[in-house]
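Try each task yourself before you read the solution.

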Amino acid sequence: MQAIAKRIRRGIIEMIGAAKSGHPGGSLSAVELVVALYFDVMRHDPSNPKWPDRDRFILSKGHAAPVLYAAMAECGYTPLDQLNTLRKLGSIYQGHPDVRFIPSLEASTGSLGEGVSLALGMGLTARLNGSPARTYAMMGDGEIQEGQIWESAMFGAFHKVDNIVAIVDYNGIQLDGFVKDIMEVAPLAAKWRAFGWHTVEIDGHNIPVIQAAFKEASETKGKPTAIIAHTIKGKGVSFMENNPKFHGTAPTPDEVKLALQELQ
Ligand SMILES: Cc1ncc(C[n+]2csc(CCOP(=O)(O)OP(=O)(O)O)c2C)c(N)n1
């Protein structure tokens, strides 16, 4: 999985570099979480994407589409050799995930704040159908400032939707600055606990720790689980790490070269 994570990081840099636009920072921070889900935790079958009992992943922070595209392509859902058409007219790899172009996506996302609500709908449906399907939704820590997130937090605990997991990619940076300076969201774990969720706080780059957290979530009955994953925005590329500039700025051709050297 470490090797896959590295390939996915390289893919993110290459596709955003080729597009000359996109969101590298929040794509790189989510790599290990997405890799653990697609390559270990989730029960899914790329040859049968509409399998009713599949586990589902919703990238609520849809601007981090490159990490999702790279993982789905690596799994075989979509073509690997088209990743570098990101954001081009006619490409299936649009700037934000869009089910009209990639039917194996669970939802179109990018308008922040909606992913946990979507997951709750899928969780309740699975419960009604007696399906073992589990649903995972990933948010950003800036995104969590959206009011709808807290409505979904109330709803999930009240309806005991224990087949969903909300993940916060807690990288400390939002669109143009640090979350603590714009509108602080801490203490995040205490907030999710107060809303009635089983809450686990982890290092979001440590794959065995991530796997253990998802296992704990699957064993938790009667309440949904929130995973607060501490991450580094831009992780893996020295000049992007913890640098708000690389929220939504593509690397230049020279920066692409440098980043790929670091990601050997
Ligand atoms: C409803 C809505 N408002 C604003 C935006 C524009 N926007 C895109 S990314 C972003 C910042 C998100 O920050 P965070 O959730 O921390 O993302 P990450 O750092 O993980 O990339 C904003 C405001 C949006 N996509 N949707």
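**Exercise 1. Which side chain makes a polar contact with the side chain of E106?**

Step 1: Find E106, which sits in the loop between α4 and α5 (115-129). Helices are DSSP runs of H or I with at least four residues, strands are runs of E with at least two, and both are numbered from the N terminus.

Step 2: Look for polar contacts, meaning pairs of N or O atoms within 3.5 Å; within protein, one must be able to donate a hydrogen and the other to accept it, and residues adjacent in sequence count only if both atoms are side-chain atoms. The partner is the side chain of R54, at 2.8 Å.

Step 3: Leaving aside neighbours within four places in sequence, E106 touches R54, D55, R56, F57, I58, V99 and M122.

A word on the model: it is predicted, so local features need pLDDT of at least 70 and side-chain atom pairs count only at pLDDT 80 or more, while totals for chains, interfaces and linings use all residues. Residues are numbered from 1 along each chain as its sequence is written, and side-chain values use heavy atoms, with hydrogens and water left out.

**Exercise 2. Describe how the rings of Y38 and F57 are arranged.**

Step 1: Recall the rule: rings of Phe, Tyr and Trp (its six-membered ring) pair if their centres lie within 6.5 Å; planes under 30 degrees apart are stacked, over 60 edge-to-face, and the rest tilted. This rule gives seven aromatic pairs.

Step 2: The centres of the Y38 and F57 rings are 5.8 Å apart and the planes stand at 80°, so this pair is edge-to-face.

Step 3: Y38 belongs to helix α3 (residues 31-41) and F57 to strand β1 (residues 56-59), so the pair ties together parts 19 residues apart in sequence.

Step 4: Check the surroundings. Both Y38 and F57 are buried; buried means under 20% relative accessible area, exposed over 50%, and partly exposed in between (1.4 Å probe, protein chains only).

Step 5: Ring pairs join W150, W192, F195 and W197 into a cluster.

**Exercise 3. Which members of the largest nonpolar core touch the most other members?**

Step 1: A nonpolar core is a set of buried Ala, Val, Leu, Ile, Met, Phe, Trp, Tyr and Cys residues joined through side-chain atoms within 4.5 Å.

Step 2: Among the 58 residues of the largest core, the answer is I8, I13, Y38, F57, Y136 and F214. Helix α4 (residues 65-75) contributes the most, with nine residues.

Step 3: Zoom in on F214. Beyond its neighbours within four places in sequence, F214 is in contact with L37, V41, Y136, V165, I167 and I227.

Step 4: Find the second, separate core of 25 residues, which includes I58, L120, M122 and V179.

**Exercise 4. Is K20, with its positive phi, buried or exposed?**

Step 1: K20 has a phi of about 65° although it is not a glycine. Its place is the loop between α1 (2-19) and α2 (24-28).

Step 2: The relative accessible area of K20 is 68%, so K20 is exposed.

Step 3: Repeat for K160, where phi is about 50°. K160 is partly exposed, at 48%.

Methods:
Contact means heavy atoms within 4.5 Å.
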